[in-house]
Amino acid sequence: MAANNRSANLNVQHRKGFVLAWVFGMVALLLAPAAIATKYDVNAPTGTHEGEDVAQPIEFPHNIHVKDNGINCMYCHTYARRSKVAGIPPTSKCMGCHKVIATDKPRIKKLTEFWTNKTPPPWKKVHDLPDFVHFTHEIHLKKLVFDRDFPVENVKEVCAFCHGELENMTVAKKVKPLNMGFCVGCHIANKELGAPGDCWKCHK
Amino acid sequence: MNRRNFLKTMGWGGAGAALTGCDLPTTITLEEGKEEVVSYLMPEEYVIPGVGVWYASTCTQCSAGCAIHGRVREGRVLKLEGNPEASLNNGKICMMGQAGVQGHYSPDRVTKPMVRNGDTLTETSWDNAMALLQEKLGAVSGDRFAWFTGTISGHQSALVSNHLDAMGSKQHYVHEVVNNSVSQAVNRDMFGEANPRVRIDKAAMVVSFGADFMGASLSPVHYAGQYAKFRTKKERGLLVQIESKMSLTGGSADLWLPIKPGTEGVLALGMANLLLNKIKVSDAGIPNGVRKLIDEYDISKVAKITGVAGHRIQRVAQLLTERSPSLVLAGPSVEGHAHGYASVAAVMMLNHILGNVGKTIESSGQFPFPQLMAKQGGTADLLAFAEAAKAEKLDAVVFYGSNPVYSAPKALELNEAMNKVGFKVAISQFMDETTEVADLVLPVASYLEDWGTQVPMQQSENSAIHVQQPLMEKLYEDSKGLGDILLSLLKQRNNDEYGKFEDYYAYLRNAFAAMPAAVKNNTTNNNEFWNNTLQKGVIDVASSGGKLKSTVVSFADPVSESANADGLTLVPSPRLGLYDGRHANLPWLQEAPDQISKVVWDSWAEMHPTTAEKLGISNLDLVEVSSAQGSVTLRVVLLKSMHVDAVAVPLGQGHEAYGRYAKGLGVNPLQILDATTDNKTGELAMYSTRVTVKSVGPADSLSIVRMGTGSGDSQAGRKLVATVPVEQLRRTEGS
């Protein structure tokens with residue numbers, strides 16, 4: 001089916017991009033470890049938002065995973081580069097590690113309980129857009145990471161454009177406004193790179 | 001309080017604030033931490049959240065059986081479109097098909113088996129339900145058991161027949177309000193086939209006597225596709241529509257001729273008279289009796305009877321000879337009279353005279369699987385059922401896909417008849433009027449959750465079986481697929497033969513494996529055939545060639561006495577959308593305005609302004625439409641797209657049950673129809689009821705909503721586009 005072919009092709013490209021970025025990144029690390037050389041520069045969106053603290057069923061520590069253990073965002077949010085949504089990782093993915101790691105911690109005990117009961121934790125949504133806005137993670141990652149030869153191990157810097165520095169948070173908190181002005185401002189700033197300005201690109 | 005009064009009370013301006021019942025659910029919000037986002041426990045193979053995959057299946061919203069694609073995302077079917085692999089509908093579907101998801105997700109679905117306990121139905125388990133069926137059906141034998149369905153085809157239909165055989169009964173009542181039974185009888189007599197293939201696309205000119213082929217017909221998408229070709233040909237096809245109430249097809253016609261109800265046959269004879277006597281077309285093959293009848297109807301007499309001006313009749317006849325091949329069609333408004341057969345025969349005779357048979361009316365050939373072909377419904381079976389039930393000849397009846405309690409005229413006394421049926425089983429998705437009076441209710445899966453095969457009764461050039469596969473898991477654990485219910489009924493009778501099939505899926509796989517090699521694309525690998533078929537959604541089966549005969553049968557004079565009488569004839573008009581009332585519970589279709597009058601969510605009576613003036617009725621008055629059988633009270637809409645001697649009341653509304661969206665809206669004109677039947681076929685003469693209309697209340701433009709007519713609030717008090725205060729927006733989106 002057409003949809004399948006399409007995503008399959010993209011996967012190939014992604015993989016190529018992934019490898020290229022990795023090689024390029026390693027070379028860059030050796031030659032000039034201070035600056036990341038990419039094909040083109042992008043302007044990050046501007047604006048902040050005072051988000052509310054959201055109580056999650058498990059106080060998931062992004063900081064431990066990202067900062068302390070250096071796990072890539074896309075290891076867990078694996079759909080981000082293939083779909084419009086980044087995806088909350090399946091519980092099985094959590095258990096892949098936590099069957100053996102930190103099993104004595106209260107949060108992991110709680111997770112294991114969800115797993116044994118065969119119900120995924122009822123996570124609360126933090127970042128949301130209205131239904132009349134078509135936002136896709138896939139294209140944004142393509143333009144901001146893969147096409148740009150941005151090192152994939154540093155992808156958190158790109159994610160932070162809209163999600164803030166998750167490495168310094170436990171559970172996610174909305175720190176960017178994610179309103180139309182925020183999106184359009186960034187699209188205008190990156191117009192030269194092909195960021196679309198047509199209404200129907202998002203409102204379709 | 002019904003919706004109309006409710007809105008009236010609320011007034012239009014400030015309705016939004018008071019309609020708290022219509023507020024959006026609080027879980028849909030942009031606020032952080034309010035909505036839940038649930039992940040998979042285990043990732044599903046091939047599923048990427050946010051990425052939709054299209055699967056093939058088949059639409060069952062009407063009996064046309066169009067092949068569809070459904071977009072499935074995160075295990076939910078979200079959108080339906082036509083399947084381009086099927087030449088029947090060629091990648092298109094109609095509004096009723098689009099609204100299929102709404103029936104599937106309807107909050108009014110029956111979710112548990114229910115059994116009658118005195119006056120009420122109480123929930124029970126499937127085990128109890130099956131035990132009760134075993135007991136009750138075991139005690140019935142022969143023709144005292146019956147199935148009552150709508151048009152049904154494919155393997156489900158074969159299983160119904162097998163169940164009847166196992167019960168030793170021959171009673172399968174097939175009922176459809178929108179049907180072409182009388183035309184089928186005529187076609188069989190004149191051409192040798194009940195459903196020859198109609199080729200609008202091949203015609204240079206179409207004269208349609210009330211055939212709303214693009215609207216509420218038996219295959220609206222197929223004919224609309226043909227019509228598109230007909231209109232885009234190098235020499236653009238010409239459409240003349242002759243009817244008493246403008247239909248959707250009539251609205252597209254080059255020439256629309258209003259005709260006195262029930263005189264279509266006379267007009268056809270008048271045209272034949274012109275063709276044979278004036279234009280001197282050959283009269284070969286026309287029986288003497290008919291030839292005499294034609295000669296009786298000279299142009300001035302015909303003009304007087306039909307109300308169609310003589311020069312217009314002449315012009316149409318002239319055009320018919322200039323544009324060849326042409327096609328003349330007869331619709332339900334021609335069929336629905338005591339002289340329906342004669343009228344249709346007179347109309348179809350024009351095809352013989354004009355030499356269209358074999359050109360624009362083709363043989364549909366021999367379908368290689370006759371047992372899977374559609375068993376098509378009409379109204380004669382409804383009458384037969386009512387009679388048998390009243391005579392206490394039925395001990396147990398299973399109802400599926402038809403709602404006779406709603407669609408039977410009061411004159412048939414069906415309520416009384418139903419009380420005399422010993423044990424009534426309803427296999428149903430919704431609590432409709434028939435399900436409400438059942439003794440046992442079996443919740444059936446929606447068509448988007450079920451397996452099946454459909455054989456369209458109006459096939460295109462490439463005849464096919466359309467395959468129905470579940471597009472998602474069942475929403476309600478306690479609902480069962482139709483095929484599965486049929487199998488368990490069969491297992492109770494004949495476990496030796498059917499016990500080996502675990503479920504209907506297994507039965508279908510077995511049936512597919514047993515298909516001849518030619519159909520299986522010469523593959524011997526059954527898995528491959530099965531997978532390819534599911535992917536494509538269509539099994540191409542070549543119908544072997546047949547040849548039509550072109551004869552004219554003898555028929556009676558198609559003029560009725562009432563055609564000469566003064567007064568109004570009721571046109572119970574079906575429309576694409578609510579159809580025969582089966583879609584009244586789908587808000588999308590209630591919301592879609594009637595194609596001619598623009599009315600939504602209501603019933604209305606349609607009249608010509610001249611008639612109204614004579615009766616002292618003004619636009620939007622409350623009127624009472626009365627027949628000998630009863631009356632309905634509703635608003636009147638005056639339109640010139642009516643014949644002066646007709647009053648139309650659209651079908652579909654007036655439900656006394658059928659869920660929150662359908663119940664209590666409008667009126668049901670079927671209730672006040674006479675029980676007159678066509679003299680030849682015994683079909684209900686639905687378009688022949690004489691009525692009187694009188695004004696019983698003053699005009700009130702607020703009590704009926706007509707879209708795009710420049711009155712009232714465009715959202716009619718409903719939150720189609722929801723709004724939030726600026727303060728809340730700031731809070732959720734930042735500033």
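Across the interface of chain A and chain B of this predicted model, the rule finds one salt bridge, meaning a side-chain nitrogen of Lys or Arg within 4 Å of a carboxyl oxygen of Asp or Glu. Lys124(A) forms this bridge with Glu36(B), and their closest N and O atoms are 3.4 Å apart. On the side of chain A that touches chain B there are 16 nonpolar, seven polar and eight charged residues. Here Ala, Val, Leu, Ile, Met, Phe, Trp, Tyr, Cys and Pro count as nonpolar, Asp, Glu, Lys and Arg as charged, and the others, Gly among them, as polar.

In the interface, 31 residues of chain A are in contact with 28 residues of chain B, where contact means heavy atoms within 4.5 Å. The two chains bury about 2,800 Å² between them, 58% of it on carbon and sulfur atoms. This buried area is the accessible area (1.4 Å probe) lost when two parts are put together, summed over both.

Within chain A, helix H5 covers residues 106-116; helices are DSSP runs (H or I, at least four residues), numbered from the N terminus. The buried residues of H5(A) are Ile108(A), Leu111(A) and Phe114(A), buried being under 20% relative accessible area and exposed over 50% (1.4 Å probe, protein chains only). Seen down the helix axis, these residues fall within an arc of 115°, so they line one face of H5(A); the arc is taken from the directions from the axis to the C-beta atoms. They pack against helix H4 (91-98) of chain A. The face turned away carries the exposed residues Pro106(A), Lys109(A), Glu113(A) and Thr116(A).

Residues are numbered from 1 along each chain as its sequence is written, and chains are lettered from A in the order in which they are written. Local features need pLDDT of at least 70, and side-chain atom pairs count only at pLDDT 80 or more, while totals for chains, interfaces and linings use all residues; side-chain values use heavy atoms, leaving out hydrogens and water.

Methods. Helix = DSSP H or I, 4+ residues; strand = E, 2+ residues; numbered from the N terminus.
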